[in-house]
Structure formats: C-alpha cells, structure tokens
Amino acid sequence: MLSEGAVGEGLVADDGVIVGYPPERAVPAGLSVGRDARLRSGTVLYTGSQIGARLQTGHNVVIREQCELGDDVSIWSGSVVDYGCRIGDGAKIHTNCYVAQFSEIGAGAFLAPGVTFANDLYPGRADSADAMTGPWIGAGAQIGVNVTILPYVRIGAGAIIGAGAVVTRDVPAGVVAYGNPAVARGAVAGLPAIAQRIEVDAGVESRPRWRSHG
Ligand SMILES: CC(C)(COP(=O)(O)OP(=O)(O)OC[C@H]1O[C@@H](n2cnc3c(N)ncnc32)[C@H](O)[C@@H]1OP(=O)(O)O)[C@@H](O)C(=O)NCCC(=O)NCCS
C-alpha cells in the first residue's frame, strides 16, 4: 500500500512495509515522506503525517497519523509513535519505545530501549482524556533505558534521565535526574570522564569493568 507521490526519491523499503495506512480517525489524509528513507520490514506509516528526509526505521515500527517528524530521525525495532506527535531533526528512538499521543521530542534527543511515555493522567476519565498530552523532551536530552515519563512533564534540553526512572515532575535543562520518583541529582556538566569510572578488563578488552575505588 504505497500512496503515489507521497514519498521522496531514494526510498529503500523492504517487503512488508506499508506506507499510507488509513487511520480510522477522521483526519486529513495527506502523507509526505522526504527523500532517501530506509524502511525495514514491518514498518507501517499512517497517512496524515509529515516526515522529513532520511527517515530510518527498524523492523515493526508504527508511525501514526498527524505526526510531524524532522529530517534524519531514526526509530528502531518495535517502537510506536502514536498520533499527534512532533519529533525534531536527528532525534533517535531506540527499540521497544512507546511515544504517546501529543508528545514532543526535540532535535537530537535520544530515547534508549524501553522508554515509555504516558499522556492520560487519570485513565478512564473523560476529563483526563480530553486533556491528553504526552511529555515534552528538550533538544539533545538523553532518556535512559526503561524510563517512564508521565503526562505533561517537560524534560529540559540536554538533561540525562537515569535508567529505570519514573519522571513525575519537570526536569531542568542540563540536569541528571533518576529514581522513582526521579529527582535532580547533579549537572550533566559535572559527570566525570568515563575513564575515571571504568578500567579495561585484561581478560576481555572489549568489556571494561567498574574501576575499583581506593
Ligand atoms: C543516571 C546516571 C547518568 C548516573 O551516573 P553517575 O552519576 O555516574 O552515577 P553513579 O554510578 O556514580 O551512582 C551514584 C549513586 O546513584 C545510584 N544510581 C545511579 N544510577 C541510578 C539509576 N538510574 N537509578 C537509581 N539509582 C541510580 C547508584 O547506585 C549510586 O548509589 P550509591 O552511592 O548508593 O552506590 C547513570 O547511572 C545512568 O542511569 N545512565 C543511563 C544509562 C542508560 O540508560 N543508557 C542508555 C543507553 S543504553
């Protein structure tokens, strides 16, 4: 199902890719995908989204309707971008992520595997559904593995959210935050050089280990 004229030159799509899947929601039907997209098997792009150049998808990726994606966005296997999301240039979404409706991801931001966004504060309640809004992720922010971010939360540009955090409140730009609930623990600029944290394991050089203290 490839809608004519929707896709720029240079598309490389595996068998089993669907470009132009019709949404059941009544939204404008147009779809545009910029040039040189690389779409791997199982990718489904709904109509009604505007996508920039050089989109890369892994396997079994879904991008719903009413989304706006910039250039050079990559979305890896098993991830879903629900409807009404905005994703900036160069953002990277790793495997098995869920980007909830009406989320925003800034340019160059990164979601590690298993990141989940929520957008409905009181599920099942009509007033909450009416106000559904996913998180807002600032440019260049790095969201660690298996992080959960609640509705309305704003993560400042360049922040790092530690693995497994549940983020319930806004995080300022340039801050390292983690825990459940996540709290600010320091500045990204204050993190040590990696070489201070690890040492080469003589037995397996490709696998460094924590540097011992003292
Ligand atoms: C948050 C993070 C950047 C902190 O790094 P750091 O400042 O070097 O932290 P440290 O290793 O010095 O740990 C400091 C303390 O916080 C704890 N801690 C570190 N990360 C934590 C996390 N994500 N959740 C809960 N506690 C954490 C440590 O156990 C340690 O506690 P202790 O002093 O009682 O031993 C890092 O731990 C992290 O989670 N990085 C993200 C990894 C990731 O998901 N990468 C994605 C690509 S695969």
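**Close-up 1. Asn60 in its loop.** In this predicted model, Asn60 is found in the loop that runs between S7 and strand S8 (62-63). Although Asn60 is not a glycine, its phi is positive, at about 55 degrees. Asn60 is partly exposed, because 18 other C-beta atoms lie within 10 Å, and a residue would count as buried with 20 or more.

Close-up 2. Phi of Arg54 is near 60 degrees, which is a positive value in a residue other than glycine. Most residues other than glycine have a negative phi. Arg54 has 19 other C-beta atoms within 10 Å and is therefore partly exposed.

**Close-up 3. The cis peptide bond from Asn180 to Pro181**. Between Asn180 and Pro181 the peptide bond is cis, with omega near 0 degrees. Most peptide bonds are trans. Pro181 itself belongs to the loop between strand S24 (175-178) and strand S25 (183-187).

**Close-up 4. The residues around the ligand.** The shell around the ligand is made up of Ala112, Gly144, Val145, Ile160, Gly162, Ala163, Gly164, Val176, Tyr178, Gly179 and Leu191. Divided by kind, the residues of this shell comprise seven nonpolar and four polar ones, with no charged residue. Glycine counts as polar in this division, and the glycines around the ligand include Gly144 and Gly179.

Notes:
Residues numbered from 1 in each chain as written. Predicted model: local features only at pLDDT ≥ 70, side-chain atom pairs only at ≥ 80, totals over all residues. Near = placed C-beta within 6 Å. Helix = DSSP H or I, 4+ residues; strand = E, 2+ residues; numbered from the N terminus. Buried ≥ 20, exposed ≤ 12 C-beta atoms within 10 Å, placed from the backbone.
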